Amino acid sequence: MWIHILVFFLTFIFMEFMAWFSHKYIMHGFMWHFHADHHKKDHDSWFERNDAFFIIYAVISIGFFLLWRYDIFEIGLAIGLGIFAYGCAYFMVHDIFIHQRFKMFRNADNPYAKAVRRAHKMHHKHTGKEDGECFGMLVVPYKYFRESFKSKKPIAKKNTADSQI
């Protein structure tokens with residue numbers, strides 16, 4: 001049982017690397033055609049060609065579920081669930097929180113949220129296939145955390161004794 005939990009968490013963590021790798025070398029590489037509309041929208045549809053990448057990872061996850069289900073690969077369930085959980089987290093952070101495809105989490109005001117938004121904004125400042133940066137999603141460069149902490153200005157408390165004078 002413990003090995004399954006460990007594999008689940010290791011898979012989830014590994015998926016951040018896979019997201020970075022596939023974003024940098026596949027989406028901004030030979031499959032740019034599917035990702036380009038995410039950087040520069042060229043249609044009126046709510047859906048993007050970029051959404052095809054969710055389907056690719058969903059098929060991989062389902063494949064691991066099936067390998068487990070048919071007793072081919074015992075740890076397949078843990079891997080499939082790890083990929084699925086990362087996909088859910090990615091969808092929540094990328095599509096809902098950052099791009100506001102659903103109008104939720106608009107007022108998140110903590111250093112991690114600000115750092116993730118800023119790093120993704122820096123990624124999207126490049127509308128072309130080349131010269132990109134910040135290809136990961138959940139793990140962002142430390143400089144964006146520093147910026148988010150610097151931008152957090154303390155709110156001055158009103159002195160109640162002075163206000164009564």
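Apart from its neighbours within four places in sequence, A89 is in contact with F12 and L138, contact here meaning heavy atoms within 4.5 Å. A89 lies in helix α4; helices (H or I, at least four residues) are DSSP runs, numbered from the N terminus. From A89 to S148, 59 residues along the chain, the C-alpha atoms are separated by 21 Å. A word on the basis of these values: this is a predicted model, where local features need pLDDT of at least 70 and side-chain atom pairs count only at pLDDT 80 or more, while totals for chains, interfaces and linings use all residues. Residues are numbered from 1 along each chain as its sequence is written, and side-chain values use heavy atoms, with hydrogens and water left out.

Next come the helix pairs. Two packed helices are described by the angle between their axes and the distance between the axes. The axes of α3 (residues 52-69) and α4 (residues 76-98) come within 7 Å and cross at roughly 155°; axes are lines fitted to C-alpha atoms, for helices over the stretch in contact, and angles run from 0 to 180 degrees between N-to-C directions. That makes α3 and α4 roughly antiparallel, the word for angles over 145 degrees. The crossing of α3 with α4 is left-handed, which is to say that the near helix is turned anticlockwise from the far one by less than a right angle. On the α3 side, the residues that meet α4 include F54, Y57, F64 and W68, and their partners in α4 include G80, F84, G87 and Y90.

Helices α5 and α6 pack with their axes 8 Å apart, at an angle of about 125°.

P141 is found in the loop between α5 (111-124) and α6 (142-150). Its relative accessible area of 35% makes P141 partly exposed, the class between buried (under 20%) and exposed (over 50%), using a 1.4 Å probe and protein chains only. Beyond its neighbours within four places in sequence, P141 is in contact with A119 and C134. P141 and A119 are 22 residues apart in sequence, yet their C-alpha atoms are 7.5 Å apart in space.

K24, in helix α1 (residues 2-30), is also partly exposed, at 31% relative accessibility. Not counting residues up to four places away in sequence, K24 touches G29 and F135. K24 and Y57 are 33 residues apart in sequence and 16 Å apart in space, C-alpha to C-alpha.

As for the aromatic rings, the structure holds 15 aromatic pairs, a pair being rings of Phe, Tyr or Trp (its six-membered ring) with centres within 6.5 Å. The rings of F8 and F9 have centres 5.1 Å apart and planes at 80°, so this pair is edge-to-face, meaning planes over 60 degrees apart. F8 is partly exposed at 23%, and F9 is partly exposed at 48%. One aromatic cluster is formed by F12, W46, F47, F54, Y86, Y90, F91 and F102.

Conventions: Phe/Tyr/Trp six-rings, centres within 6.5 Å; stacked < 30°, edge-to-face > 60°. Helix = DSSP H or I, 4+ residues; strand = E, 2+ residues; numbered from the N terminus. Parallel < 35°, antiparallel > 145°, perpendicular 65-115°, else oblique.
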